[in-house]
Amino acid sequence: MSTDTTSPSVPARSPSSVRAGTGDPVPPADAPPPPAAGAAVVLDLRDVAFVRNGRTILEHVDLTVRAGEHWALVGPNGAGKSTILSLCGARDHPTRGEVDVLGSTLGRVDVQALHSMIGHVNPRHPLRTPLTIQEVVLTGITGTTEWRQRWEPTRAEVDRARALVTDMGLGGKEHEPWTTLSQGERGRTIIARALVADPALLLLDEPSTGLDVAAREQLLATIDAVRVTHPEVASVLVTHHLEELPTSTSHALLLAPGRVSAAGRADEVLTTEAVSRCFAHPVHVERRHGRWRASAGPGTA
Ligand SMILES: Nc1ncnc2c1ncn2[C@@H]1O[C@H](COP(=O)(O)OP(=O)(O)O)[C@@H](O)[C@H]1O
Ligand SMILES: [Mg+2]
């Protein structure tokens, strides 16, 4: 039923390329094609609550992510975005409700097996030792921060790591130490690290935090490119700045503290009204050249 491939419920590319209500065309950019109707469900959160130390951090959260979709999780500081990401990454369990990750329900599955299928991009990657870029990427295979003792990658794994380093625009730097990289280079290295194990799901928690504008733009272009070269990989990206959303964002969930205030296709959710409601502050949202911008401005008084 829901897998009926003739169903018109997933629209073709064109409707999302025009801003609802304005008729302003949005350049297609290098956006990946939308996922096919009936694409596999990669993440399914059903009526999830998360309580810590007697405090309810999330309540009644629903989220379904399908293969090839690129979700933005947007909301104010402390709203619970990283907490949702830790559930999506099988790093935490819900207090109530159910979370399916890659077809398995948390609480009934070996989470180690899931972790190896999920690429987690943490811009505060806590590596302390001077591993080279290539070695950092290879730690994505062992799922460790440091180099695992007595582990040796195969020739194929080294080749794959090297190819990813090149894809990230870091070709020729694979033997440079992590400790000397710029923040932007580190960001691209940990994306390569997240991809090296060929994940089905990519989670990015504020990946452009702390970057200058050039490095941010380069990182966002990298994320857009990854989504074209790995079209089957679903992703969830957390941010509290609309300016930090890649053009390839297909869906968005607005999280007001602890609860979903809107969710669905990005162009229908990232509107002036919905974002103002979520942040409890009047902001004007616009989309130009595929990118979003939020500002105080005319019509927001
Ligand atoms: N392990 C924890 N124990 C207690 N409180 C937590 C824990 N993790 C997060 N919180 C609290 O939950 C709320 C949501 O946190 P978080 O998910 O990090 O928000 P966001 O990523 O949207 O900024 C915050 O108020 C935070 O202090
Ligand atoms: Mg956070």
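Reader: Leaving aside neighbours within four places in sequence, which residues is His175 in contact with?

Author: This is a predicted model, in which local features need pLDDT of at least 70, side-chain atom pairs count only at pLDDT 80 or more, and totals for chains, interfaces and linings use all residues. Residues are numbered from 1 along each chain as its sequence is written, and chains are lettered from A and ligands numbered from 1 in the order in which they are written. Two residues are in contact if their C-beta atoms, placed from the backbone, lie within 7 Å. For His175, the contacts beyond four places are Thr132 and Gln134. The C-alpha atoms of His175 and Thr132 are separated by 5.0 Å, although the two are 43 residues apart along the chain.

Reader: Is His175 buried or exposed?

Author: A residue is buried if 20 or more other C-beta atoms lie within 10 Å of its own, exposed if 12 or fewer, and partly exposed in between. His175 is exposed because 10 other C-beta atoms lie within 10 Å.

Reader: Which residues surround ligand 1?

Author: A residue is near a molecule if its C-beta atom, placed from the backbone, lies within 6 Å of it. Around ligand 1 these include Arg52, Asn53, Gly80, Lys81, Ser82 and Thr83. Helix α1 (residues 81–88) supplies the largest share of the shell, three residues; helices are DSSP runs of H or I, at least four residues, and strands runs of E, at least two, numbered from the N terminus.

Reader: How many bridges pair β9 and β10?

Author: Strands pair if DSSP finds at least two bridges between them. Strands β9 (residues 251–256) and β10 (residues 259–265) are antiparallel over six bridges, and Leu254 has Ala262 as its bridge partner in β10.
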